[in-house]
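I opened my notebook to keep track of what I looked up in this protein. Please follow along with the structure beside you.

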Amino acid sequence: MAEIINISPINPITFELQDYSIEDTSLITNLEVSSVFDTQRDKIEFFIYDLNRQILFSDVNGYPNFTVSNDGSIILDPGANVLSQGFREGQFNVVYNFVSPILASTPDLRYFISEISPDRTEIRLDTTQIPNDLVITSSLALQNTIATSTGSYYDFYLDFGNNNLAIAVNNLLDTSSVDNPTVLIKLYEPLPSEFDIKTECWGVVKVADSLAYNVNIDFIFELVDTSINLKGPNFNLAISDQINNSTQYLSYSGLKQTTGSLSQGTGSLSYQLNNLLAQTGITVNIDYSDYSNFIHFSSAQTRLENFYYKLQLLEGYNYSASLSSNSSSGSYYVSSSNIVWQAKIDEIITGFDNYEYYLYYTSASTAWPKTGPTPPYVNVGTSTVTGLNWLANQLLVAEEYDIENNNALTLAIPSYIRDDSQNEKFELFVEMVGQLFDDIFVYLQNITTKFDADNRLNYGVSKDLVADILRDMGITIYQNNFSSNDVYQALLGLTPSGSLYNLPYTTAQYPVPSGSFLDYITNYVTASSTSSLAPTDDINKERYKRIYHNLPLLLKKKGSVAGLRDLITTFGIPDTILRINEFGCREKNPNTWDN
């Protein structure tokens with residue numbers, strides 16, 4: 001790492017509180033920083049400004065970071081002075097004042113203003129910090145210096161700190177009160193209004209003209225390669241048993257020609273699958289039964305109404321598609337019309353956001369009412385009593401949430417705009433923008449769930465991330481053996497026609513998926529006949545989540561019988577199927593198992 005520093009002189013008058021008029025400038029003698037500067041008596045005031053003229057650092061007690069050359073001149077290093085105060089990058093303005101204290105005052109021994117004349121050009125200085133004898137002797141000494149000065153205009157300053165120097169031209173000692181002598185000061189210009197009674201100050205004279213510089217610091221990184229090169233990987237290691245052989249790559253059209261492909265699915269499932277395949281990025285875990293989990297800036301009521309509008313469109317398109325498909329004419333134009341309606345349906349469903357997908361495909365009290373006990377569920381009609389009652393009740397919940405939601409983006413719209421009914425479209429647009437921010441917010445909110453090792457599939461860390469997290473921790477995980485399963489089984493857990501894989505079947509209807517991990521069930525126990533087979537993609541990711549959840553236990557017991565049993569249990573294999581036999585620690589008894 002290094003800094004590139006550019007220094008250029010600027011006019012110090014820019015930063016001064018007061019300045020002389022053009023007529024009086026010719027009477028002032030310019031002073032250079034030279035041997036007249038007494039390092040034991042005189043001081044350097046140092047200030048750092050930003051480009052908005054705000055003071056970032058101030059030192060009025062005598063800045064020590066300077067050197068004196070052989071001829072007595074002062075050598076300054078503005079760049080080093082800025083860096084020493086911790087400023088590593090950016091543009092700064094620095095000012096140096098070369099002053100000598102007078103009137104027996106210092107930044108630690110100050111006067112205060114006890115009286116101000118009506119025109120603010122005369123003030124009385126009093127003190128509780130400086131002894132009376134020093135007030136008298138120092139004031140008389142200053143009067144004598146002003147009276148005997150020849151050849152130039154003598155001036156001094158009242159220093160209020162932070163580079164606020166008020167020009168003074170004369171002083172007078174007032175000893176009318178023997179116990180409390182005061183000093184009367186005549187100012188060159190009226191005292192600025194920011195200073196008033198009881199404001200503290202001290203007296204100084206400039207032993208040299210102030211200097212100012214612009215310091216531009218560019219911070220650069222010098223990349224130094226300190227890494228230690230390791231020997232390359234050994235590609236001859238026998239690790240083929242840890243991963244499956246990859247399947248061949250297929251295009252979208254080629255995928256349609258495979259068994260259990262997109263083209264063989266029912267229309268509803270094809271649309272659902274297209275929605276899943278169109279999603280990009282990581283899917284985070286969100287409980288859509290509670291609006292507070294995913295709506296912060298948008299409107300719950302508007303999003304519900306938008307879904308209902310899309311549902312009505314889908315009903316209309318489905319009706320039109322059924323008319324064109326049932327036509328007995330079989331003309332080219334009727335077939336083309338059917339394709340158009342199917343494309344419109346696919347466009348709407350594929351464009352569903354995650355909340356709309358939940359409403360359309362999930363069977364729950366907070367999702368659109370469904371018919372049928374098993375998936376794929378069928379949504380009730382938008383004009384049915386069941387659907388209308390559900391919509392009315394859910395709209396009440398959504399409206400109540402919107403009223404209580406103080407984060408809604410529409411609240412940033414002035415009330416006089418929201419109260420005008422002609423601005424409803426603008427308010428709707430702002431709600432749509434709020435929905436965009438909601439999609440970003442839920443991802444930001446889920447950053448911390450990376451370390452939430454919940455073994456449930458839809459809770460804690462996202463199921464799409466858990467495999468990468470395990471690999472980042474150095475854990476070797478194995479691929480699943482479902483590589484040859486069709487996309488419907490992998491993503492939906494259904495056959496292409498919409499049947500459950502664990503229902504009775506004939507091989508003529510649905511060939512057994514290769515690599516199947518279950519025998520197909522023909523005799524049911526309790527409610528198993530109503531449960532669908534989980535998507536194999538979720539089954540695989542659930543195993544990863546179990547490993548992540550139990551990782552501290554597995555690592556702690558690694559290499560032991562208990563650790564091996566825990567690992568086997570993580571995969572859902574009971575000890576009645578896969579037993580553990582341990583040898584070497586005692587005499588082997590072939591008639592018993594070490595569990």
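**Salt bridges**

I began with a trio: a network of salt bridges links Glu115, Arg124 and Asp174. I call it a salt bridge when a side-chain nitrogen of Lys or Arg is within 4 Å of a carboxyl oxygen of Asp or Glu. Before going on, I noted that this is a predicted model, where local features need pLDDT of at least 70 and side-chain atom pairs count only at pLDDT 80 or more, while totals for chains, interfaces and linings use all residues. I also noted that residues are numbered from 1 along each chain as its sequence is written, and that side-chain values use heavy atoms, with hydrogens and water left out.

Inside the trio, I looked up the pair Glu115 and Arg124, whose closest N and O atoms are 3.1 Å apart. Glu115 is partly exposed, at 45% relative accessibility. For these labels I use the following limits: buried is under 20% relative accessible area, exposed is over 50%, and partly exposed is in between (1.4 Å probe, protein chains only).

How many salt bridges are there by this rule? I wrote down 14. Another of them joins the side chains of Arg110 and Glu200, at 3.9 Å from N to O. This pair links distant parts of the chain, 90 residues apart: Arg110 is in the loop between strand E6 (90-102) and strand E7 (111-116), and Glu200 is in strand E12. Helices (H or I, at least four residues) and strands (E, at least two) are DSSP runs, numbered from the N terminus. Both partners turned out partly exposed, Arg110 at 26% and Glu200 at 37%.

I also checked Asp566 and Lys557, a salt bridge with its closest N and O atoms 3.9 Å apart. Asp566 is partly exposed at 21%, and Lys557 is partly exposed at 31%.

**The whole protein**

Next I stepped back. I found 16 helices and 14 strands in the protein. Of its 595 residues, 37% are buried. I then looked at contacts (heavy atoms within 4.5 Å). Among those between residues at least 6 apart in sequence, 68% join residues at least 24 apart.

**The largest core**

A nonpolar core is a set of buried Ala, Val, Leu, Ile, Met, Phe, Trp, Tyr and Cys residues joined through side-chain atoms within 4.5 Å. Which members of the largest core touch the most other members? My list reads Tyr291, Phe294, Ile349, Tyr355, Tyr360 and Trp368, out of 37 residues. The elements giving two or more residues to this core are helices H5 (267-278), H6 (300-325), H7 (332-350), H8 (354-361) and H9 (385-404). H6 gives the most, with seven residues. I jotted down a second, separate core too, with 23 residues, including Ile102, Tyr111, Leu158 and Ala166.

**Helix H8**

I went back to H8 for a closer look. Why is H8 described as largely enclosed by the rest of the structure? It is because seven of its eight residues are buried. They are Tyr355, Glu356, Tyr357, Tyr358, Leu359, Tyr360 and Tyr361. Setting aside neighbours within four places in sequence, I found Tyr360 in contact with Phe307, Leu311, Leu314, Ile349, Phe352, Lys370 and Asn379. At the start of H8, a side-chain oxygen of Asp353 comes to within 3.2 Å of the backbone nitrogen of Tyr355.

Most residues other than glycine have a negative phi. Asn162 is not a glycine, yet its phi is positive, about 55 degrees. Asn162 sits in the loop between strand E9 (156-159) and strand E10 (165-174), and is partly exposed at 42%. Lys198, also other than glycine, has a positive phi near 75 degrees. Its loop runs between strand E11 (182-187) and strand E12 (200-220), and Lys198 counts as exposed at 66%.

The side chain of Asn163 makes a polar contact with the side chain of Tyr49 (3.2 Å). Such a contact is a pair of N or O atoms within 3.5 Å; within protein, one must be able to donate a hydrogen and the other to accept it, and residues adjacent in sequence count only if both atoms are side-chain atoms.
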